[in-house]
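This report walks through the helices, cores and a pocket of one model. Please keep the sequence and the structure in view.

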Amino acid sequence: MPDTPRLGSALNLQFAEQIEFFRGKLNVPTMRWNDLVHEAHDRAFVVAGATKADLLQDLRDAVDKGISRGGSLKEFRKDFNEIVARRGWTGWTGEGSKKGVAWRTRIIFETNLLTSQAAGRYAQLTDPAFLEAYPYWQYIHNDSVLHPRPLHKQWGDQRLTLRHDHPFYKTHYPPNGWLCRCYVKAVAEPPSGAATEPPAGWDTPNLKTGLPPGIDKGWAY
C-alpha cells in the first residue's frame, strides 16, 4: 500500500504524476498571490510580483529542477539570487533583508513542491482500481513542523479516517495552508480507535474570514 513519507525525504521525492501536474501549468504574470484563487492555481504557475515572461520562466525552471531532479531549497535560493540579479527584479516582497529573502524563497519553492506532490498523490489515490481496494483516507499530521496548527494536529492525533468522497476532503484535503505538511494515507478501512467523523463545526465558516476551520485563505479547495 503506498504511503507518503514524512518531511525530509518528502521534499525530495519525485514521481511522474507530480512532475506532470507541475509541468502542465501555464505561466501567469501576477502582482499579488491572490490574483488567482482556488482551482486556478492548479493550472497556473505564479510568483507574486513577477510580471515579465522571461523572469517568470526562469523562476519556473528553478522550481522545476527541485521537483523533477530533487534539488534542494539551498540550491533554489542560489538560483533565485542569480535570476533576480540577472533580470533586474526589484520591489518584490522580502527584498532587502536576509529574513525576507529566506521567507520568500521558501514560500515559492516549498509551496510548489508540496502542492505538486499533493496533486500527484491525489492522482494516484483516486485511481479507480486503487480506490476500490483502499477507499478510506486517514489524515496525517506531520509532527516535525515547528509550529503545528492546532486543528491539523487534532485531526492527526484523532487519526481522522473518512471515505475519500466525504465532504470534508472537498475543502480539507491537505495541504491546508502555507507550508502545511499534512497529507493523507490510503487505508482499506478505518483503524481501530480512529475518529470516523470530523469534529463538530468543521464545515462552519469563520464569521470574520468566511473560511472553514483550520484552512488558510486560498486553500479551501
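## Helix α1

Helix α1 spans residues 16–23, and its buried residues are Gln18, Ile19, Phe21 and Phe22. Buried means under 20% relative accessible area, exposed over 50%, and partly exposed in between, with a 1.4 Å probe and protein chains only. Helices (H or I, at least four residues) and strands (E, at least two) are DSSP runs numbered from the N terminus. Viewed down the axis of α1, the buried residues fall within an arc of 160°, so they line one face of the helix. The arc is that of the directions from the helix axis to the C-beta atoms. Ala16 and Glu20 are exposed on the other side of α1.

## Basis of the model

This is a predicted model: local features need pLDDT of at least 70, side-chain atom pairs count only at pLDDT 80 or more, and totals for chains, interfaces and linings use all residues. Numbering starts from 1 along each chain as its sequence is written, and side-chain values use heavy atoms, with hydrogens and water left out.

## Two nonpolar cores

The largest nonpolar core has 21 residues. Val47, Leu59, Phe76, Phe80 and Trp89 have the most contacts inside it. A nonpolar core is a set of buried Ala, Val, Leu, Ile, Met, Phe, Trp, Tyr and Cys residues joined through side-chain atoms within 4.5 Å. Two or more residues each come from α1, α3 (53–69), α4 (73–87) and α5 (98–125). α3 gives the most, with six residues.

Leu59 touches Phe45, Val47, Ala50, Phe76, Phe80, Ile83 and Trp89, leaving aside residues up to four places away in sequence. Contact means heavy atoms within 4.5 Å. A second, separate core has 18 residues, including Trp137, Phe168, Tyr173 and Trp202.

## Helix α7

In α7 (residues 150–157), His152, Trp155 and Gly156 are buried. They cover an arc of only 100° around the axis, which puts them on the same side of α7. Pro150 and Asp157 are exposed on the other side.

The buried residues of α7 pack against β3 (136–140) and α8 (168–172). Arg159 follows α7 and has a positive phi, near 50°.

## Second largest pocket

The second largest pocket holds about 280 Å³ of space. Of its 16 lining residues, Val145, Leu146, His147, Leu179 and Arg181 are the closest to its centre. A pocket is an open set of points on a 1 Å grid over the protein atoms alone, where a 1.4 Å probe fits, with protein on both sides within 12 Å along at least five of seven lines; lining residues have an atom within 4 Å of a point. Grid points are joined across faces, edges and corners, and the volume is the space filled by probe spheres set on them.
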